[in-house]
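This report treats the packing of selected helices and the surroundings of the ligand. The sequence and the structure are shown first.

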Amino acid sequence: MRIGFWKNRISRIFISSFLVVIVAAMTGCAPFDVNVSQSTKDLQAEAEDENLTIVGFSQLGSESAWRTANTKSVEDSLTQDKGFFLMSNNARQSQENQIKALRSFISQRVDYIVLCPVQEDGWETVLTEAEEAEIPVIILDRAVGSDCDGLYTTFVGENMQEEGSKAGKWLETHLSDKGLDNKDINIVVLQGTENSSAEIGRTAGFDNIAKEHPNWHILAQKDADFTTARGKEVMADYLKKYQKIDVLVSQNDDMTYGAIEAMDDAGVAAGSDVAVISFDATKSGLKLVQQGKVNVDIECNPMSGPLLAEVINKIEKGEKVQHVYYLDEKVFTKDNVDKFIDSRSY
Ligand code: AHR
């Protein structure tokens, strides 16, 4: 527990409650759109229970099935019976909203801030404010830029660059199994949200492998924002523009669903005419692997809640934590998907 923390705890919570009430009264809704996960009345009642650790959680949005699973994992892990009081905010893909939420958490003097950053850049100022307020920040899922390295306590999430390189390595093996390792291979890429570490890492990881193969031609890499609608739109453009596409790299399952619809509309067989590489490995993505429409699904693990709780508990006990924690992630193809699909909860 941070020094001097408890002596102000009860008054802080009452001040927070007071602020929530005032702003809510003025605006008719929660301040800065922060969804305090319980009513103010409950919040006050919690002040009597000194064992709860207050966590302000800024989730970047709800753009994908993966994101929904990630939010649920955090909410299920930071519950009151596990000793936490969670205040969540959904930023609806806006960094501005995330910064507002963080400032609101700082002014309410939460014990911890958990940030899933929509993009890599632009966090230095607000993270410095959190540091000055002595509130430990945990970065979850996506990374922040290296300029912020000293401004957060730890990162818990996925190794996006490694995911991209797994995709490249799978393609190497796939082409060699088919005797196509020396043929010209045309590749199109649907990228996730621009400047997000998920997009940057997956792109870099795949590109590094692609560079070793002069016969791999990346025809286009466009932002489709991790959504099905944009995935469909951008893939439809690619299909109109390029006569021969051999491989689609789609940086998440949601964009893949849209891309498959675009291929269906154009009479192109996903998984055979065009080899499809997807990311996330949600249950619906894995079903497409079973059906042969997606050739490989690179797992991006959204179940970071339990590790997040463990790390916070360690910090609370004054134990040392690592600067980076990566979650375990697999690669799914027709060969192993049956073993895992039934237990997939998202
Ligand atoms: O940051 C993780 C990525 O963000 C997931 O791949 C994607 O589905 C989500 O929206």
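In this predicted model, helix H4 (residues 95–107) packs against helix H5 (residues 124–132) with an axis separation of 10 Å and an angle of about 10°. Because angles under 35 degrees count as roughly parallel, H4 is described as roughly parallel to H5. On the H4 side the contact is formed by Ile99, Leu102, Arg103 and Ile106, and on the H5 side by Thr125, Val126, Leu127, Glu129 and Ala130. By class, the residues of the contact between H4 and H5 comprise 6 nonpolar, 1 polar and 2 charged.

Helix H3 (residues 65–77) and helix H11 (residues 305–316) form another pair, with axes that come within 7 Å and cross at roughly 40°. H3 and H11 are therefore oblique to each other, and H3 passes H11 in a right-handed crossing. Ser73, Val74 and Ser77 of H3 meet Gly305, Pro306, Leu308 and Ala309 of H11. The contact of H3 with H11 contains 4 nonpolar and 3 polar residues, and no charged ones.

For helix H6 (residues 160–177) and helix H7 (residues 197–210), the axes come within 6 Å and cross at roughly 35°. The crossing of H6 and H7 is right-handed. H6 contributes to this contact Met160, Gln161, Glu163, Gly164, Ser165, Ala167, Gly168, Lys169, Leu171 and Glu172, while H7 contributes Ser197, Ala198, Gly201, Arg202, Ala204, Gly205, Phe206, Asn208 and Ile209. Here the division by class is 7 nonpolar, 8 polar and 4 charged.

The ligand is surrounded by residues that include Met160, Ala198 and Arg202, and these three residues also take part in the contact of H6 with H7.

| Residue | Side-chain atom | Ligand atom | Distance |
|---|---|---|---|
| Glu63 | N or O | oxygen | 2.3 Å |
| Asp141 | N or O | oxygen | 2.9 Å |
| Arg202 | polar | oxygen | 2.9 Å |

Definitions and conventions. Residues numbered from 1 in each chain as written. Predicted model: local features only at pLDDT ≥ 70, side-chain atom pairs only at ≥ 80, totals over all residues. Heavy atoms only, no water. Axes fitted to C-alpha atoms, helices over the stretch in contact; angles between N-to-C directions. Helix = DSSP H or I, 4+ residues; strand = E, 2+ residues; numbered from the N terminus. Parallel < 35°, antiparallel > 145°, perpendicular 65-115°, else oblique. Left-handed = near helix turned anticlockwise from the far one by under 90°. Contact = heavy atoms within 4.5 Å. Nonpolar A, V, L, I, M, F, W, Y, C, P; charged D, E, K, R; others polar. Near = heavy atom within 4 Å. Polar contact = N/O pair within 3.5 Å; in protein donor to acceptor, adjacent residues only side chain to side chain.
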